[in-house]
Amino acid sequence: MTHDTMRAIRQDAFGDSSVLQLTEVPVPVPLPTEVRVRVHAAGVNPVDWKVRAGGSVAGMACSLPFGVGWDVSGVVDSVGFGVTTLRPGDEVYGMPWFPREAGAYAEYVTAPSRQFARKPRRIGHVEAAALPLAALTAWQALVDTADVHSGQRVLIHAAAGGVGHLAVQIAVARGAHVIGTGSAAREEFLRSIGVNEFIDYRTTRFEDVVDDVDVVVDLVGAADQTGLRSVGVMKRGGLYIGVPGGVHPEVAADAERRGIRTTGILVEPDRTGLEAIAALVDEGRLRVAVDKTFPLEEAGAAQDAGAAGHTQGKIVLEVVA
């Protein structure tokens, strides 16, 4: 590798984790309004391995060959003409370009400066890289879409997962009463981050113990498992948010009959949201759980670990030791 090239994980075909290859590619040059970030850590998300295999909505925006990954935390090392908000040396984090290719599993990333925000001060790059896509999904669902506020009852399915555990804390910070589903092994963790009512989905049907819900954040997304059962416990006028894959037509139809609103959501780059999330972190009101870390060259193993399920929080690639 020379000073003009960098290490990056890329793929020339769709498939399992074996298609991910550590390669040497040119270091990108920032265009006007862009910054180049020296990546210290890159978050791993379910959308990464879904796109790798040729699926997901985001996959429609990626054509072969490409570099997967969107979550980054690092240091600005170069800025293009016109950038006024960031300068070399600034520590930043972000989710650039989503759902288009960002190539975050790499030593450098370029993107518009306003798709990044300054990294939370009280955490390192590994934790910061775990935040953007998951935390922005939770923020845009709960704050921008649902406008969750004090006194509301919020039900979050898969509450201990990457998006789920951040959604719990954002809802708590907004003053909501939070009900979370998960496995028994996650109860202590979920209560420690603010869940008011915990439901072990393996032993208890949530509809037997929950009612009068204002907002549901469904991170499971199966119509029979969570969708139809969720709308049955909601208040008239409540909002059901289907995150993976949107809202199943059967769920939407049943919700409409009950007077319940529904929407899918796909996260967007959002500097304002990142700044609000960083503020919560620095105030001690939001913490991200990192389940495992892997070196860049083990990106395939990192994705396999995530795809196996049952992680508590996030998986992160360490690019700079």
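**Notebook: pockets, a helix pair and one valine**

I began with the open spaces, and the largest pocket holds about 1,500 Å³ of space. A reminder to myself: this is a predicted model.

**Entry 1, the largest pocket.** I listed the lining and got 50 residues, with P46, A158, L219, V220 and P244 lying nearest the centre of the pocket. Next I looked up which elements give two or more residues to this lining: they are α1 (46-52), α3, α4 (162-173), β9 (177-182), α6 (223-231), α9 (299-307) and β15 (314-318). The largest share comes from α1, with 4 residues. By residue class, I noted 24 nonpolar, 21 polar and 5 charged residues in the lining of the largest pocket.

Strand β1 gives the largest share, 4 residues. The lining of this second largest pocket splits into 12 nonpolar, 3 polar and 2 charged residues.

I then turned to a helix pair. Two packed helices are described by the angle between their axes and the distance between the axes. For α3 (residues 132-145) and α8 (residues 271-282), I have axes that come within 10 Å and cross at roughly 100°. Angles of 65 to 115 degrees count as roughly perpendicular, so I wrote α3 down as roughly perpendicular to α8. On the α3 side, the contact is made by P132, A135, L136 and W139, and on the α8 side by G273, L274, A276, I277 and L280. I sorted the residues of this contact into 8 nonpolar, 1 polar and no charged. Helix α3 had already turned up in my first entry, among the elements that give two or more residues to the lining of the largest pocket.

Last, I picked a single residue. V216 sits in strand β11 (residues 213-218). Is V216 buried or exposed? Its relative accessible area is 0%, and buried means under 20%, so I marked V216 as buried. Which residues does V216 touch, not counting those up to four places away in sequence? I listed L155, H157, S230, M234, L239, Y240 and I241.

Definitions and conventions:
Residues numbered from 1 in each chain as written. Predicted model: local features only at pLDDT ≥ 70, side-chain atom pairs only at ≥ 80, totals over all residues. Heavy atoms only, no water. Buried < 20%, exposed > 50% of the residue type's maximum accessible area, 1.4 Å probe, protein only. Contact = heavy atoms within 4.5 Å. Axes fitted to C-alpha atoms, helices over the stretch in contact; angles between N-to-C directions. Parallel < 35°, antiparallel > 145°, perpendicular 65-115°, else oblique. Nonpolar A, V, L, I, M, F, W, Y, C, P; charged D, E, K, R; others polar. 1 Å grid on protein atoms, 1.4 Å probe; cavity = no way out; pocket = protein on both sides within 12 Å on 5 of 7 lines; lining within 4 Å. Points joined across faces, edges and corners; volume = space filled by probe spheres on them.
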